[in-house]
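Here's a quick briefing for anyone opening this structure for the first time. Have a look at the model, then go through the points below.

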Amino acid sequence: MQKTLRRRGIFVLCLDHPFRSLGNWDLKKDKYFIDNYFNRGENEWDYVFPEENVSGRFRGACWTLGDLVTGFLDSGFKIDKLLEPEPVKREEYPDRFGASSRYGTNHRQDPFNFENLKRIPGTIIIRGIKE
């Protein structure tokens, strides 16, 4: 990407936040735990969106926040914004996204449950300018 942008060009990277994508809820203790933040190996997982009747098997790797920032800087970008957006208020946007999952309707273990997203960032957005 660095080669295709002109000088002062803007590049935006948006992905699952490392904390959310590596963690799970302990429902008995109502605590969120990170399994292994430094596990950069390839993983496979199922994405299921029952409200849209969509599912798929995904494969990928997770990176630490340091990996993401260092990779961005090493690629010749200056970071000018790093955002961890808080979720919108559910009552302001009453669509169906995130209401049900493979865990059930509004289930605490669902990583997209609005109660969870209020406590653990779901997304990270990094904006950089090519130097």
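This is a predicted model: local features need pLDDT of at least 70, side-chain atom pairs count only at pLDDT 80 or more; totals for chains, interfaces and linings use all residues.

Residues are numbered from 1 along each chain as its sequence is written, and side-chain values use heavy atoms, with hydrogens and water left out.

**Aromatic rings**

- Phe 72, at 5% relative accessibility, counts as buried.
- Phe 72 forms a tilted aromatic pair with Phe 77, at 5.2 Å centre to centre and 35 degrees between the planes.
- For a pair, ring centres of Phe, Tyr and Trp (its six-membered ring) lie within 6.5 Å; planes under 30 degrees apart are stacked, over 60 edge-to-face, and the rest tilted.
- Ring pairs tie Phe 11, Phe 72 and Phe 77 into a cluster.
- By the pairing rule, the count is 4 aromatic pairs.
- One of them is Phe 11 with Phe 72, also tilted, at 5.8 Å centre to centre and 35 degrees between the planes.
- That pair links distant parts of the chain, with Phe 11 in strand E1 (residues 10-16) and Phe 72 in helix H2, 61 residues apart.
- Helices (H or I, at least four residues) and strands (E, at least two) are DSSP runs, numbered from the N terminus.

**The nonpolar core**

- The largest nonpolar core has 6 residues: Leu 5, Leu 68, Phe 72, Phe 77, Ile 124 and Ile 126.
- Such a core is a set of buried Ala, Val, Leu, Ile, Met, Phe, Trp, Tyr and Cys residues joined through side-chain atoms within 4.5 Å.
- Leaving out residues up to four places away in sequence, Ile 126 touches Phe 11, Val 12, Leu 13, Leu 68, Phe 72, Ile 79, Lys 81 and Leu 82 (contact means heavy atoms within 4.5 Å).

**The sheet**

- An open sheet of 3 strands runs in the order E1-E9-E6, with antiparallel pairing (two strands pair if DSSP finds at least two bridges between them).
- E1 and strand E6 (77-83) are the edge strands, each pairing on one side only.
- E6 and E9 run antiparallel and are joined by 6 bridges.
- Lys 81 sits opposite Arg 127 in E9.

How values were computed. Buried means under 20% relative accessible area, exposed over 50%, partly exposed in between (1.4 Å probe, protein chains only).
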